[in-house]
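I open this notebook to record what I looked up, entry by entry. The sequence and the structure come before my notes.

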Amino acid sequence: MEERIHYLFKRYRDNACTRQEYEEFFALLQQADHDEAVRQLIRQAWNSDEELPHAETYVNSRGRLVHPAGRQLRLVKMAVAAALVATVTTAAWLLYPRSGNTGPVAMTGQQTARKETRRLTLPDGTQVWLNTASTLRYAEDFGRKARTVYLSGEAYFDVAQDGELPFIIHTGHISTTVLGTAFNIRAYPGQADVIVAVSSGKVKVQYGKEKSATLTGGQLVKVRPEFIHDDAPRNIATKDAAPWKDGNMLYDGEKLADIISDLERTYDVRIRLARPDLGEEPVSTEFRRDIGAEAALKILCKLTDSRLTLADGTYLIH
């Protein structure tokens, strides 16, 4: 396993990660039994000018590795080293608000590992269900002057009513604003679309200053970091806004690669594609989460006319 960490860290450092390697690397960071090995790797990499002549990187709001420039390099280098040791999502602290000249706002929050889901109650009474490998961050004084949270991953919100303070969820440059409603947001790093599905009430999804979409109960919209799809929000059954809460896995025309990433988080397994083009195949299917990884993968193989093998703990679709 240590050799694998070395390999993935080098790929990350060199800005050469594939999307699956990227997710695998950050999943390893969340596992406490690998912390010391990762710390050692970070110390070696960041303390070696020869190893890192041009590789100071950070994770931007789109979940991509970015090379900063100019005098920010030293600060970013220090921030990334600390963030990598902590968790994948704390690497995104650069996205969080700052309060004037007093430094970063004090943040708190919750996160889940692979295979884990969690329900929590925010200080204002809002109920949140966090899906696997997800993180929710918010200011320690949440609810006093603002109700703003930052999500990486997937969560279902049942927002407490407050006529004066809107509830705002940030997922990178995309924000979702509500006064009181129930809805699901799916925004995993590396995922092409941010998906917002509303069970009840009304939400506004916005990217930038001009592009926005308004959804009511029983509607869903897919948002790209670059733009909001030209198509109007489409109708869905309200029970399909967050099927994972009830143990269902539902996919409607999603890329096989995105579904595989979801199964890796859900079952904590490694899945690889023998042919990259397979990952672009759109798939629509539904099954119970408790059928297990292998049965779920066999369904996907049948739908994509591919076959499944298992070797050294890794599932291969080819």
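**Entry 1: a pocket**

Strand 16 contributes six residues to the lining of the second largest pocket, the most of any element. I take strands (E, at least two residues) and helices (H or I, at least four) as DSSP runs numbered from the N terminus. The model is predicted: local features need pLDDT of at least 70, side-chain atom pairs count only at pLDDT 80 or more, and totals for chains, interfaces and linings use all residues. Residues are numbered from 1 along each chain as its sequence is written, and side-chain values use heavy atoms, with hydrogens and water left out.

I noted a volume of about 410 Å³ for the second largest pocket. Its lining has 25 residues, and Asp240, Ala241, Pro243, Leu250 and Glu254 are the closest to the centre. Two or more lining residues come from each of strand 10 (182-187), strand 11 (194-200), strand 14 (219-223), strand 16 and helix 5 (256-267). A pocket here is an open set of points, on a 1 Å grid over the protein atoms alone, where a 1.4 Å probe fits, with protein on both sides within 12 Å along at least five of seven lines; lining residues have an atom within 4 Å of a point. The volume is the space filled by probe spheres set on the points, which are joined across faces, edges and corners.

**Entry 2: aromatic rings**

How many aromatic pairs are in the whole structure? My search found six. Rings of Phe, Tyr and Trp (its six-membered ring) pair if their centres lie within 6.5 Å; planes under 30 degrees apart are stacked, over 60 edge-to-face, the rest tilted.

Phenylalanine 142 and phenylalanine 167 make an edge-to-face pair, 6.0 Å centre to centre with 75 degrees between the planes. Phenylalanine 142 is in the loop between strand 6 (135-139) and strand 7 (147-158) and phenylalanine 167 is in strand 8 (residues 167-171), so the pair ties together parts 25 residues apart in sequence. Both phenylalanine 142 and phenylalanine 167 are buried, that is, under 20% relative accessible area, where exposed is over 50% and partly exposed lies in between (1.4 Å probe, protein chains only).

Tyrosine 251 and phenylalanine 287 form a tilted pair, at 6.3 Å centre to centre and 45 degrees between the planes. Tyrosine 251 belongs to strand 16 (residues 248-255) and phenylalanine 287 to strand 18 (residues 282-288), 36 residues apart. I found tyrosine 251 and phenylalanine 287 buried. Ring pairs also join Tyr138, Phe142, Phe157, Phe167 and Phe183 into a cluster.

**Entry 3: a lysine over two rings**

Which rings does lysine 245 lie over? The charged end of lysine 245 sits over the ring of tryptophan 129, 4.7 Å from its centre. Lysine 245 also lies over the face of tyrosine 156, at 4.6 Å from the ring centre. The test asks for NZ of Lys or CZ of Arg within 6 Å of the ring centre and within 35 degrees of the ring normal.

**Entry 4: positive phi**

Aspartate 305, not a glycine, has a positive phi of about 55 degrees. I place aspartate 305 in the loop between helix 6 (293-304) and strand 19 (308-311). Aspartate 305 is exposed, with a relative accessible area of 75%.

Aspartate 312 also has a positive phi, near 55 degrees. Aspartate 312 is in the loop between strand 19 and strand 20 (314-317). Aspartate 312 is exposed, at a relative accessible area of 84%.

**Entry 5: the chain**

I recorded six helices and 20 strands in the protein chain. Of its 318 residues, 48% are buried.
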